[in-house]
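Open the model in your viewer and keep the selection tool ready. We will go from one stop to the next.

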Amino acid sequence: MSAFSRRKLLAGAGALAAGAGGLAVASRLAARYGLVPPDSGGLYGPGETLNYAAHRLLVGDAPAREFSPSQISANPFAQNGPPKLEAYQRHQEAGFATWRLAVDGLVARPLSLSIDEIRSLPVSSQITQLMCEEGWSFIAEWTGATLSQVLEAAGILPEAKYVVYRSIEEGWWDSLDRAEALHPQTLVAYGFNGGDLPLGHGGPLRLRVPRQVGYKSVKYLVSLTATDSLKGFGDGQGAAGPAYGYAWYAGI
Ligand SMILES: Nc1nc2c(c(=O)[nH]1)N[C@H]1C(S)=C(S)[C@@H](COP(=O)(O)O)O[C@H]1N2
Ligand SMILES: [Mo]
């Protein structure tokens, strides 16, 4: 994105304040840059579109803030315990040796990865803050493979615009645009504060998306699907959240 085209979009956002005509201007600009989120209700769902387009263009690929080890929270809050699902409990009894992460969709080589295979990819660590939309937060060290490494191992194709991801917990699925999916801080995390990822925090595997609000960091991760459209997934809004009022794009 050149500084020039960025100014043009900001001029569009400014026009919004000027009146209803601005909505059409902003929507056209967002459409031109491919920045219409799946839960916008289309081009003229201007609230989500403007938030996504403006935030994406302003923040770009800027990293989430990273903290020092001394700032790690003493008592990180796990929102709820591990899933009370038979399938999950069977994996737990097997020490998660049976857990697999499926990688499919617009990839050259669909994969089914064990935790050990994910651990054999280059290791990435970050000390970042998880922020829940309800107001609480904590700082922790997250360790894993970058999602980008995992997607590249499968040979993600150039036409993939989004990555859909799912939990073993029914009802927990979400997606990221390609830029967020390939961002170096987006992790397939298996480690936490120097140890294994605790079950309450999503063990054995979760997606960690530090540039967005906590609900995008889906726990108990079992699959990734690269796609050029989110229309065929669920209700077409890119995640389970929008049906309950949680924005698909939740950049911090
Ligand atoms: N599978 C699954 N993932 C989830 C959730 C959940 O209930 N189930 N809660 C989300 C919400 S709303 C937040 S704020 C964070 C909480 O992460 P934590 O439990 O590690 O604190 O996980 C997110 N990922
Ligand atoms: Mo949350």
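**Stop one: the ligand**

Select Ser-167 and ligand 1: a nitrogen atom of the ligand lies 3.2 Å from an N or O atom in the Ser-167 side chain. That is a polar contact, meaning a pair of N or O atoms within 3.5 Å. This is a predicted model, where local features need pLDDT of at least 70, side-chain atom pairs count only at pLDDT 80 or more, and totals for chains, interfaces and linings use all residues. Residues are numbered from 1 along each chain as its sequence is written, chains are lettered from A and ligands numbered from 1 in the order written, and side-chain values use heavy atoms, without hydrogens and water.

An N or O atom of its side chain is 2.8 Å from an oxygen atom of ligand 1. Now Phe-77: here a polar backbone atom sits 2.6 Å from a ligand 1 oxygen. Taken alone, ligand 1 exposes 540 Å², and the protein buries 98% of that (Shrake-Rupley method, 1.4 Å probe).

**Stop two: the core**

Select Leu-101, Val-103, Val-150, Val-188, Leu-205 and Leu-224. They have the most contacts inside the largest nonpolar core, which has 31 residues. Such a core joins buried Ala, Val, Leu, Ile, Met, Phe, Trp, Tyr and Cys residues through side-chain atoms within 4.5 Å; buried means under 20% relative accessible area (1.4 Å probe, protein chains only). Next, colour α6 (147-154).

Notes
Buried means under 20% relative accessible area, exposed over 50%, partly exposed in between (1.4 Å probe, protein chains only). Helices (H or I, at least four residues) and strands (E, at least two) are DSSP runs, numbered from the N terminus. A polar contact is a pair of N or O atoms within 3.5 Å; within protein, one must be able to donate a hydrogen and the other to accept it, and residues adjacent in sequence count only if both atoms are side-chain atoms.
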